[in-house]
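Colleague: I am new to this structure. Please show me how to read it, feature by feature.

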Amino acid sequence: MNIEDHEEYGADQIQILKGLEAVRKRPGMYIGSTSSRGLHHLVYEIVDNSVDEALAGVCTHIEVNIHRDGSITVRDNGRGIPVGINHQSGKTAVEVVFTILHAGGKFGGGGYKVSGGLHGVGASVVNALSEWLEVQVRRDGKIYQQRYERGKTITRLEVIGNTSPEDHGTTVTFYPDKEIFDDVRFDYDILKIRFREIAFLTRGLKITLTDERPAEKPRQHVFHYEGGIKQFVEYLNRSSNPLYPQVIYCEGEKENVQVEVAMQHNDGYSENVLGFVNNIITPEGGTHVEGFRAALTKTLNDYARTNKLLKDSEPNLTGDDIREGLTAIISVKIIDPQFEGQTKQKLGNSEARGAVNSVVATQLTHFLEQNPNVGKAIVEKSVLAQRARDAARKARDLTRRKSALDGMSLPGKLADCTDKDPKNCEIFIVEGDSAGGSAKTARSRATQAILPLRGKILNVEKARLDRIYANAEIKAMITAFGTGIFDDFDITKLRYDKIIIMTDADVDGAHIATLMLTFLYRFMPELIKQGHVYLAQPPLYKVERNKKVWYAYSDPELEKILGEIGRDQNNKIQRYKGLGEMDDDQLWETTMDPERRILKRVNMDDASASEVDLTFTTLMGDKVEPRREFIEENAKYVQNLDV
Ligand code: TTJ
């Protein structure tokens with residue numbers, strides 16, 4: 001048999017076309033969506049193959065290049081996809097990889113590829129959804145190449161040149177199909193964040209990302225961490241003060257589960273424990289995270305008792321106490337991961353619980369014996385957390401009892417709406433009493449509620465729970481929303497479909513909005529995840545000319561308006577420094593009227609799940625340098641506050 005035989009439409013050829021046609025018909029089934037998320041998923045799908053080679057120990061460098069024409073190349077120095085004929089299909093292995101829909105599981109690999117869910121659907125899906133795709137393999141001193149268009153084979157696998165016998169690897173270049181995707185432009189920052197994460201999770205692997213597009217600034221990032229997830233923890237803690245200098249690290253394999261854990265406490269109060277399965281984040285945790293928590297709680301309590309850091313009469317430290325201020329990465333590799341939960345983002349394999357538990361318990365016990373200062377620091381911080389938690393519980397019980405007495409009283413400053421169906425209702429959280437007053441006059445009473453907040457709200461990153469519960473502004477928000485917080489949180493009790501943060505369009509306003517988002521993210525993350533949180537967009541400028549009025553929400557928009565109406569002394573341009581400079585009518589028509597306003601929905605994308613937390617810690621923490629750096633680097637981001 002030779003390759004040409006298969007250019008005729010044999011039975012299996014038709015099978016293939018059917019398979020890839022199905023991908024083109026229902027792309028969402030394979031890559032989740034055809035939005036930006038799905039587009040970037042194509043890149044991860046290809047890069048995953050190279051990462052598998054790195055995990056097999058035969059690939060050290062992956063280069064990703066966004067080209068001038070918008071196509072993208074992924075190049076590795078792995079073994080190269082085999083070029084020989086696969087006897088089952090009569091095709092080269094290369095062609096099989098790119099044209100046959102896989103049920104998951106890597107071709108010839110047998111590694112830790114994720115099946116099910118969105119990851120691990122295979123390179124053929126990328127091929128099916130690309131206008132064109134070219135693969136080159138460097139092996140045995142030769143360079144092979146094949147081209148496909150919309151999943152169909154265009155050229156056979158040909159030798160197009162020679163290379164040195166030591167050179168080996170795979171290069172894939174593709175251009176996503178405009179017929180499939182809303183927008184085929186790759187976002188450099190989205191790729192950057194994910195590649196940094198992969199590099200942290202794959203110790204020693206170097207990933208280079210380069211942007212060659214003429215419309216973008218020339219840029220390149222190289223991610224290469226010999227310390228792997230230990231450096232990931234240092235990175236996540238870079239804006240905090242560590243409680244002790246070392247990052248604690250445990251590693252081992254049990255029941256076919258590879259376990260790697262890195263952790264370090266900082267002097268803050270929030271917990272940042274991130275679980276990964278086969279390099280994919282598990283936003284809902286799962287057995288690996290449960291195993292970690294159980295081992296951490298037991299080990300620290302045992303340590304505290306053995307070393308008389310807890311009296312016999314005192315109760316055990318809870319897991320929450322011990323995890324206060326903890327940053328940790330739990331990374332497991334499993335052959336057949338099972339995902340559970342509402343969004344299939346929670347690991348279900350029970351063997352992962354035992355494996356992580358056993359590795360962490362053994363190695364952490366050993367570490368604490370060797371490093372008593374660290375043990376002492378963690379226990380002391382946990383005891384403080386325990387006391388604060390007791391105080392907080394008392395405060396909370398008190399407020400609960402109070403509200404039971406006077407019938408869940410809503411905050412006095414709240415101007416509630418009259419419609420009682422939450423689906424129709426929205427609440428504006430407004431900076432300052434004066435803007436709050438205008439908003440109350442301007443609003444549509446039936447469906448719009450106003451809650452004015454005085455000054456800056458408490459920074460929940462820098463306060464313990466007892467202080468947070470005592471804070472009037474925070475209490476007002478909690479009672480107004482109706483959902484409760486943390487474990488008591490119940491989305492069905494939400495009293496407003498939209499929670500709209502309305503602050504001045506200046507640096508202070510952005511800061512207040514960030515404080516508010518930090519609070520929501522820490523206390524009721526589901527509100528953000530389910531898309532209930534919005535940022536109002538007040539205009540930056542008012543332009544008046546011959547009794548006509550225009551509002552501009554950005555500098556480019558102002559330019560556009562001036563370009564259209566002409567630039568001369570008949571224009572009166574006012575720059576709004578705050579909401580307070582607008583009267584009720586202006587506030588209504590520019591910022592509040594559902595028919596005319598612009599709202600930004602706050603979203604949390606998985607791609608940056610490990611970064612969201614950092615954004616808050618960086619902006620809200622007390623180290624000044626990293627914050628300045630962050631704001632300068634991400635000025636756009638901070639303005640948009642699109643977390
Ligand atoms: C499979 O087992 C035998 C040796 O080669 C293994 C392999 O397939 N290696 C491999 C595949 N390295 N790199 C890839 C690869 C790289 C890219 C960019 C895209 C794809 C689909 C595969």
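Modeller: Start with burial. Buried means under 20% relative accessible area, exposed means over 50%, and partly exposed lies in between, with a 1.4 Å probe and protein chains only. Cys59 counts as buried because its relative accessibility is 5%. Note that this is a predicted model: local features need pLDDT of at least 70, side-chain atom pairs count only at pLDDT 80 or more, and totals for chains, interfaces and linings use all residues. Residues are numbered from 1 along each chain as its sequence is written, and side-chain values use heavy atoms, with hydrogens and water left out.

Colleague: How many disulfides does the structure hold?

Modeller: A disulfide is a covalent bond between the sulfur atoms of two cysteines. Here the test is a pair of cysteine sulfur atoms within 2.5 Å. The structure holds zero disulfides. Cys417 is in none; its nearest cysteine sulfur belongs to Cys425, 3.5 Å away. Cys417 counts as buried because its relative accessibility is 4%.

Colleague: Which residues are closest to the ligand?

Modeller: A residue is near a molecule or strand if one of its heavy atoms lies within 4 Å of it. The ligand has 16 residues around it, and the closest are Asn49, Glu53, Asp76, Arg79 and Gly80.

Colleague: What kinds of residue make up that shell?

Modeller: Ala, Val, Leu, Ile, Met, Phe, Trp, Tyr, Cys and Pro count as nonpolar; Asp, Glu, Lys and Arg count as charged; the others, Gly among them, count as polar. The shell has eight nonpolar, five polar and three charged residues.

Colleague: Which atoms lie 3.3 Å from the ligand's oxygen and nitrogen?

Modeller: A polar contact is a pair of N or O atoms within 3.5 Å; within protein, one must be able to donate a hydrogen and the other to accept it, and residues adjacent in sequence count only if both atoms are side-chain atoms. A backbone N or O atom of Gly80 is 3.3 Å from a ligand oxygen. A side-chain N or O atom of Thr170 is 3.3 Å from a ligand nitrogen. For Glu53, a side-chain N or O atom is 3.1 Å from a ligand nitrogen. Accessible areas come from the Shrake-Rupley method with a 1.4 Å probe; for residues, only the protein chains shown count as cover. On its own the ligand has 500 Å² of accessible area, and the protein covers 91% of that.

Colleague: Which element gives the most to the shell around the ligand?

Modeller: Helices (H or I, at least four residues) and strands (E, at least two) are DSSP runs, numbered from the N terminus. α3 gives the most, with four residues. At least two residues each come from α3 (36–55), β2 (72–76), α4 (93–99) and β9 (169–176).

Colleague: Are the two faces of β9 covered or open?

Modeller: In a regular strand the side chains alternate between the two faces of the sheet. In β9, both faces are covered. One side has Gly169, Thr171, Thr173 and Tyr175, the other Thr170, Val172, Phe174 and Pro176, all buried.

Colleague: What pairs with β9?

Modeller: Two strands pair if DSSP finds at least two bridges between them. β2 and β9 are antiparallel, with four bridges. There, Val74 has Val172 as its bridge partner. β5 (residues 130–139) also runs antiparallel to β9, with eight bridges. Glu134 stands opposite Thr173.
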